[in-house]
Amino acid sequence: MASIVGHTQGVNNAIFDKESDLVYYLIADSGVLSYAGSLDVVAHEWAHGITKYMSNLRGRREAGALNESFSDMFGVAVEWANGSQNWVIAETSYNNLTNPPDYLHSLYFPPSRQQAETWGEGWWKNPRLTGPDSCPNPDTTNDSCWVTRNMGIPNKMFYLLANGGFFNNVTVTGIGIQNAMAIMFRATFQKYWKDSIDFARAATGSIKAAFELNYVSSWPQQTSKAWTAVKVCDTMPGDANGSGGIAITDVIYLVNYVFDKSRVSPPCNGTDPGTCWPIDPNCQGELNGDISVNIQDVIWLVNYVFDKSRDNPYCEGANPINCWLPIPTDVCCKLP
Ligand SMILES: [Ca+2]
Ligand SMILES: [Ca+2]
Ligand SMILES: [Ca+2]
Ligand SMILES: [Zn+2]
């Protein structure tokens, strides 16, 4: 990818030009060195090219924030693979400054650079058409509906998933940056992330990618938890009992939920008069992708749990490993 480094007025910047596929590095007299000297920024800009040709995420609202965040994830991951293991962007270009913060973004603590780390809180601003303080018209005065502020949310999610951490009362066990990047890349490559999607769909798409890449591990669970921690996603499909994993106990829970739900006599004797097996949130029992929770989900879950460890005969569905991967849907990952 061709790059052009030049002098400009105003602020230091790096820009991927979607029309020409050129990257411009603009140097200003701000004391910050050119971003062309920061490997994470270079990788960030190149990742915009990946986005353009794979997911085509737009540049506004939540899709715009995800677009920028994917580039930051890629930037950190490339630098990590080349021996510089840190969670900040462009630190090499800020080395000569005496006053912190000496970086452009932080995935570890986005608020240090005026970026949100939790949906609906702090530096977050409403990027949507509806709701309080909504953003009807994306333009330069509102940063295309708050792209730079809100990109801190998926950035923080990625940090938590890769590194692990305790945030907003959620504990995420880190799966390593290489694995976390593989999930986000698959979401991009498979177009689970595309066009103008919102964060909830982005979470859904990455959980789906995690299931596909490594269903026997805790990747889907930790991906779900990471989005939960930043208050975007609220659960994992198939985890009917809310334990944080998927096992035979979820089958028992879901069977009881589905049959108890419509049982009038004898009435359920639990604390809930309608059913002793409420699924909260309800979508945890929805795993075949058709929105409602019913007997079909029981069948799906039984097959998933038992097929998962079956080596012979192999599952013969579209997925060579397991034909019954839970399908995350938008009902299973809602903004609070
Ligand atoms: Ca860095
Ligand atoms: Ca469970
Ligand atoms: Ca269903
Ligand atoms: Zn960018």
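Along the chain, the donors of the calcium ion (ligand 1) follow the spacing D-x38-E-x6-N-x1-V-x2-E. The structure is a predicted model, in which local features need pLDDT of at least 70 and side-chain atom pairs count only at pLDDT 80 or more, while totals for chains, interfaces and linings use all residues; side-chain values use heavy atoms, with hydrogens and water left out. Residues are numbered from 1 along each chain as its sequence is written, and chains are lettered from A and ligands numbered from 1 in the order in which they are written.

**Calcium sites**

Donors here are N, O and S atoms within 2.8 Å of the metal, or 3.2 Å for Na, K and Ca, and sites may look incomplete because water is not among the atoms.

| Ion | Protein donors | Distance from the ion |
|---|---|---|
| calcium ion (ligand 1) | Asp40 (OD), Glu79 (OE), Asn86 (OD1), Val88 (O), Glu91 (OE) and Glu91 (OE) | 2.2 to 2.5 Å |
| calcium ion (ligand 3) | Glu286 (OE), Asn288 (OD1), Asp290 (OD), Ser292 (O), Asp297 (OD) and Asp297 (OD) | 2.2 to 2.5 Å |

The six donor atoms of the calcium ion (ligand 1) make angles of 52 to 163° and form an irregular site. Around the calcium ion (ligand 3), the arrangement is irregular because the six donor atoms subtend angles of 54 to 162°. Four donors count as tetrahedral if all angles lie between 85 and 135 degrees; four count as square planar and six as octahedral if opposite donors are over 155 degrees apart and all others between 65 and 115, and anything else is irregular. In sequence, the donor residues of the calcium ion (ligand 3) are spaced E-x1-N-x1-D-x1-S-x4-D.

**The largest pocket**

A pocket is an open set of points on a 1 Å grid over the protein atoms alone, where a 1.4 Å probe fits, with protein on both sides within 12 Å along at least five of seven lines; lining residues have an atom within 4 Å of a point. The largest pocket has a volume of about 890 Å³, the volume being the space filled by probe spheres set on the points. Its lining comprises 32 residues, of which Asn13, Ala14, His44, His48 and Glu68 lie nearest the centre. Two or more lining residues come from each of β2 (13-17), α1 (39-53), α2 (61-81) and α3 (143-150), and α1 gives the most, with six residues. These helices (H or I, at least four residues) and strands (E, at least two) are DSSP runs numbered from the N terminus.

**Residues of helix α6**

Glu212 is placed in helix α6 (residues 199-213) and counts as buried at 17% relative accessibility. The side chain of Glu212 makes polar contacts with the side chain of Arg186 (2.8 Å) and with the side chain of Tyr192 (2.7 Å); such a contact is a pair of N or O atoms within 3.5 Å, where, within protein, one must be able to donate a hydrogen and the other to accept it, and residues adjacent in sequence count only if both atoms are side-chain atoms. Lys208 is also found in helix α6.

Note on methods. Buried < 20%, exposed > 50% of the residue type's maximum accessible area, 1.4 Å probe, protein only.
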